[in-house]
Amino acid sequence: MASVDIAGVIKRFGVHEVLHGIDIGIGDGEFVVLVGPSGCGKSTLLRMVAGLEEITSGDISIGGRIVNRVPPKQRDIAMVFQNYALYPHMTVYDNMSFSLKLAGVDKAKIDERVNGAADILGLQDYLARYPRQLSGGQRQRVAMGRAIVRDPQVFLFDEPLSNLDAKLRVQMRTEIKALHQRLKTTSVYVTHDQVEAMTMADRIVVMQDGYVEQIGAPLELYDRPANMFVAGFIGSPAMNFIEGRLERDGDAVFVVAGDDTRIPAPKDVTGETGQAVVYGMRPEHLDIAADGQGIAAEVVVIEPTGADTLVFCRMAGTDICAMFDERHTFAPGEEIRLEPRLATAHVFDARTGGRL
């Protein structure tokens, strides 16, 4: 195992700069997820760690050794790709053992490593099969097994679950997390799915347009997002935002929306009276208020999911979503009253997007 240090890394394609001075420190044995929308630079950064893309400037170190000019095969890393990249004419055993055979490892050692990986991944009954005879989840396990047998310092995962159906994705992300807890190998995982990031990571790196927006533990990003982008990206359903201006009345703090609705805000919010702000509240942090209290909202659509009920409504001139554990039978057009939980509400600067 080894740490991975990314220091001041810049990547340009011609004159177009796509990564702008990335600094990330990944501890020995840590599972770090790079997450962000398509085009944010997360896969490019992973490929630079793997040695598949050249670094324009800055340094990448693995285990304390700068690897900028070290070929991929000498970096002691193993990569799991989105498309499995299995050899169709080879059995599962041969796919998993191929890199060891190329490296000249003796047959007894190869058998030991392949069988050990097969035990971990539940592949013992499939070693004689070909990829075409496997399901998508089984193929992804073979790809992971091929990485495990190399016993690398670092695992790199490039959106490995994107080709799987929803049920299998949930199963596989649990298996990958359990695998990391067992092997404790430093892992860097790329995904655009924030649910994957939240459920798997020790720490999450949120990226946008080639910049790192925030680094932190999953619940840290959920509870204390640094800006509106992180707040809107982390959490499902996404956070609600209402534009307004900041107002203070003694010790009380409010955000006054465009239709003059006054929404109570946390007392520790910074910012000047009259400042343009954006009020953020997660759907799961809205409660049904007692009669005559809370903020009026008109129901638009109700989506029961079984475990939860999503209520899409219009409040303070803005479309929002509320999520309840209880089952409700509201009708479209009905007025309900909602109350945001102040302890979990957020206020952002409308100009910079930064948290106040």
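A: Gladly, and let us begin with a definition: helices are DSSP runs of H or I with at least four residues, numbered from the N terminus. Helix H2 covers residues 92-102, and just after H2, Gly 104 takes a positive phi of about 80°. Please keep in mind that this is a predicted model.

Q: What makes Asp 260 stand out by its phi?
A: Most residues other than glycine have a negative phi. Asp 260 is not a glycine, yet its phi is positive, at about 70°. The residue sits in the loop between strand E12 (252-257) and E13.

Q: How do you know whether Gln 275 is buried or exposed?
A: The relative accessible area of Gln 275 is 18%, so the residue is buried, given that buried means under 20%. Gln 275 is found in the loop between strand E13 (262-265) and strand E14 (276-281).

Q: Which residues is Gln 275 in contact with, leaving aside neighbours within four places in sequence?
A: They are Gly 244, Arg 245, Leu 246, Asp 349 and Leu 356. Contact here asks for heavy atoms within 4.5 Å. Arg 69, by comparison, is 50 Å from Gln 275, C-alpha to C-alpha, and 206 residues from it in sequence.

Q: Which residues of helix H2 are buried, and what covers them?
A: Val 92, Tyr 93, Asn 95, Met 96, Ser 97 and Leu 100 are buried in H2. Their cover includes helix H3 (107-121) and helix H4 (136-148). An α-helix has 3.6 residues a turn, so residues three or four places apart point the same way.

Q: What makes the bond between Ser 236 and Pro 237 a cis peptide bond?
A: Its omega is about 0°, and the bond is cis. Most peptide bonds are trans. Pro 237 belongs to the loop between helix H8 (228-233) and strand E11 (240-249).

Q: Which domains does the assignment give, and how far apart are their centres?
A: The domain assignment gives domain 1 (4-233) and domain 2 (240-349). Their centres, taken over C-alpha atoms, are 39 Å apart.

Q: How do you know that domain 1 and domain 2 are in contact?
A: Contact means heavy atoms within 4.5 Å, and 8 residues of domain 1 are in contact with 7 residues of domain 2. About 690 Å² is buried between the two domains, with 62% of that area from carbon and sulfur atoms. Tyr 222, Met 228 and Ala 231 supply 74% of what domain 1 buries against domain 2, more than any other three residues.

Q: And for the protein as a whole, how many helices and strands are there?
A: There are 8 helices and 20 strands. Of the 356 residues, 47% count as buried. The C-alpha trace spans about 75 × 45 × 35 Å along its principal axes.

Technical notes
Residues are numbered from 1 along each chain as its sequence is written. This is a predicted model: local features need pLDDT of at least 70, side-chain atom pairs count only at pLDDT 80 or more; totals for chains, interfaces and linings use all residues. Side-chain values use heavy atoms; hydrogens and water are left out. Helices (H or I, at least four residues) and strands (E, at least two) are DSSP runs, numbered from the N terminus. Buried means under 20% relative accessible area, exposed over 50%, partly exposed in between (1.4 Å probe, protein chains only). Domain bounds come from an automatic or database domain assignment. Buried area is the accessible area (1.4 Å probe) that two parts lose on being put together, summed over both.
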